[in-house]
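Student: I am new to this structure. Please take me through one part of it closely.

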Amino acid sequence: MALEIVSTSRSFGGVQGVYKHASAATGTDMTFSVYVPLHAADAKLPVVWYLSGLTCTQANVTEKGEFRRVCAELGLIFVAPDTSPRGENVMDDPEGAYDFGLGAGFYVDATQEPFAPNYRMWSYVTEELPALIARQFPADMDRQSIMGHSMGGHGALTIGLTFPDRFKAVSAFSPIVAPSQVPWGQKALSGYLGDDKAAWRKHDAVALIEDGARVADMLVDQGEADPFLAEQLKPQLLEEACKAAGNPLTLRLQPGYDHSYNFISTFMGVHLRWHAVRLKNRDV
């Protein structure tokens with residue numbers, strides 16, 4: 001699998017890279033970023049996956065996430081995929097809406113035409129890209145965790161709950177915890193997966209927990225000033241599901257914080273330190 005280097009630059013002793021490759025999963029070129037901290041030549045480092053939200057690419061967190069200083073300190077590789085396939089022949093929302101189509105892949109494998117050929121972000125993020133990371137970077141694939149924001153928080157929760165043996169911990173900023181119950185998710189899941197709501201449950205964190213999925217530990221930060229809190233995010237549904245199931249969850253409502261990267265960057269270091277402990281990288 002050929003890997004094209006788009007750019008690399010030194011940061012806190014490590015290397016921030018942006019890369020492109022031809023994806024078999026999506027049938028398109030896909031771009032992603034990886035930060036690799038300074039390390040011994042024979043070292044294998046734990047990996048933290050970060051999934052971005054609606055309208056974003058890998059560039060949003062790479063440029064605004066403020067993760068590199070802490071990753072350098074803790075010895076964590078930080079991987080940020082794109083949020084959807086892209087290209088001239090990739091179908092977008094016919095009305096040009098921001099919450100479906102390009103930039104809004106929702107981390108599912110679409111079954112509905114005309115999206116099914118390219119919108120296979122579940123396979124891309126859970127199978128193809130991890131295999132590439134394992135081959136091309138000094139990654140310890142036995143020590144992985146996952147995090148994300150908004151739509152990416154939804155992806156992190158559902159992927160983490162589906163692969164609990166792979167991911168040592170799961171965290172999220174302002175996640176869409178129950179897409180089956182909110183407008184963003186209902187639009188995306190029906191558009192990509194059709195009207196069979198049983199198929200939706202595999203991509204709904206609350207439903208997965210209700211159906212028996214568990215993770216070792218979960219951390220969620222949510223801004224109380226988030227304009228999407230009441231209608232789209234509904235973190236109380238995750239809290240109720242975890243409580244009923246006995247699944248560990250730390251849910252923190254942060255006064256005054258909104259949905260932006262100002263919020264994410266404020267608590268990014270806290271999340272990375274939390275992940276490092278659970279990856280048994282160091283006691284921090």
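Is phenylalanine 115 buried or exposed, and what is its relative accessibility?

Tutor: This is a predicted model. Phenylalanine 115 is buried, because its relative accessibility is 7% and the cut-off for buried is under 20%. Now look at its partner. Phenylalanine 115 and tyrosine 192 form an edge-to-face pair, because their planes stand at 85 degrees; their ring centres are 5.6 Å apart. Tyrosine 192 is buried too, at 0% relative accessibility.

Phenylalanine 115 sits in the loop between β5 (77–81) and α3. Tyrosine 192 belongs to helix α5 (residues 183–193). The pair therefore ties together parts that are 77 residues apart in sequence.

The largest nonpolar core has 64 residues. Tyr192 is among those with the most contacts inside it, along with Phe32, Val34, Ile133 and Leu238. Helix α3 (residues 121–136) gives the most to this core: 7 residues. A second, separate core has 21 residues, including Phe173 and Phe267.

The structure holds 16 aromatic pairs. One of them joins tyrosine 257 and phenylalanine 263. That pair is tilted, with 45 degrees between the planes and 5.9 Å from centre to centre. Phenylalanine 263 is buried, at 0% relative accessibility, whereas tyrosine 257 is partly exposed, at 29%. Elsewhere, ring pairs link Tyr35, Tyr50, Phe67 and Phe78 into a cluster. The charged end of arginine 68 sits over the ring of phenylalanine 67, 4.8 Å from its centre.

Terms used:
Residues are numbered from 1 along each chain as its sequence is written. This is a predicted model: local features need pLDDT of at least 70, side-chain atom pairs count only at pLDDT 80 or more; totals for chains, interfaces and linings use all residues. Side-chain values use heavy atoms; hydrogens and water are left out. A nonpolar core is a set of buried Ala, Val, Leu, Ile, Met, Phe, Trp, Tyr and Cys residues joined through side-chain atoms within 4.5 Å. Buried means under 20% relative accessible area, exposed over 50%, partly exposed in between (1.4 Å probe, protein chains only). Helices (H or I, at least four residues) and strands (E, at least two) are DSSP runs, numbered from the N terminus. Rings of Phe, Tyr and Trp (its six-membered ring) pair if their centres lie within 6.5 Å; planes under 30 degrees apart count as stacked, over 60 as edge-to-face and the rest as tilted. A charge sits over a ring if NZ of Lys or CZ of Arg is within 6 Å of the ring centre and within 35 degrees of the ring normal.
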